[in-house]
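The stops below are given in the order in which they may be selected.

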Amino acid sequence: MAESTFAARSYRDDGVVLRTHRLGEADRIIVLLTKHHGQVRAVARGVRRTGSRFGARLEPFMVADLQLVRGRSLEVVGQAVARGTYGSEIAADYARYTAAAAMAETAERLTANDGEASLPHYQLLVGALAALSRGAHAPELILDSYLLRALSTAGWAPSFTDCARCGEPGPHAAFSAALGGIVCHGCRPPGSPAPAPETVHLLAALLSGDWSVADTSEPIHRREASGLVAAYVQWHLERAVRSLRLVERDDPTSLPTRQESSLT
Ligand SMILES: [Zn+2]
């Protein structure tokens, strides 16, 4: 009887760990983005004890095949088998770590009320973490590409060619986060920034995944693009993504105080 009840309440899914925090002496709450069940909060019991059966499989940015048991308010992690061990390569590098933290935080916000429509976002995030961990491209480019595509997945696709407001064919010179990207002369709100044409070209490449253009872009245009992406993300998430501020810090000696929750 107990066995069948357990079976009815348990399910398997792949999930990526977005964030963890302590629960009591030995347990941890794991915030996951799953492939098929949206965002899930689950308790991992005994995970902070040495010799835990979960090992290091439930650290931020890890991808695991999970057995989850439905509980009253939180799920409980029954089993976790590592699928992608991206965590260690990411945590060892400051630029990768801050990019991954900003991606995980954005994913948590964007999928908080998403129900089960998580597959595109899951694939996008796992792809970006994999690219970060193997150093496929500069971390800030992977982050900005992820952010633009994540917002597109959430229904806020920017336009970097035709006017985002009236649709007049581009190219146009002005950028407005509030109006959805590049805007024509007639639509541009007063005070809108006018980024370099190369920056607009880079933004379009990051959105479409044209890495040959992105990888050969100049640092000055990357910085300008990052500022516009951050403005766009912040506008749409309505409050600043805390981790984006860490990314903007260049000095590797001023390591951020990582949330205690991520290290315990
Ligand atoms: Zn217009």
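Select strand β1 (residues 10–23) and strand β2 (residues 27–34), which pair in the antiparallel sense over 8 bridges; two strands pair if DSSP finds at least two bridges between them. At one end of the selection, Leu23 stands opposite Asp27 in β2. Strands (E, at least two residues) and helices (H or I, at least four) are DSSP runs, numbered from the N terminus.

This is a predicted model, in which local features need pLDDT of at least 70 and side-chain atom pairs count only at pLDDT 80 or more, while totals for chains, interfaces and linings use all residues. Residues are numbered from 1 along each chain as its sequence is written.

Angles run from 0 to 180 degrees between N-to-C directions, and axes are lines fitted to C-alpha atoms, for helices over the stretch in contact.

Contact between two residues requires their C-beta atoms, placed from the backbone, to lie within 7 Å.

Finally, display helix α6 (residues 197–208) with α8: the two pack at about 65°, with axes 9 Å apart. In α6, Glu198, Thr199, Leu202, Leu203 and Leu206 meet His221, Arg222, Glu224, Ala225 and Leu228 of α8. Helix α5 (residues 139–153) also packs with α8 (residues 219–237), at an angle of about 35° and with axes 10 Å apart.
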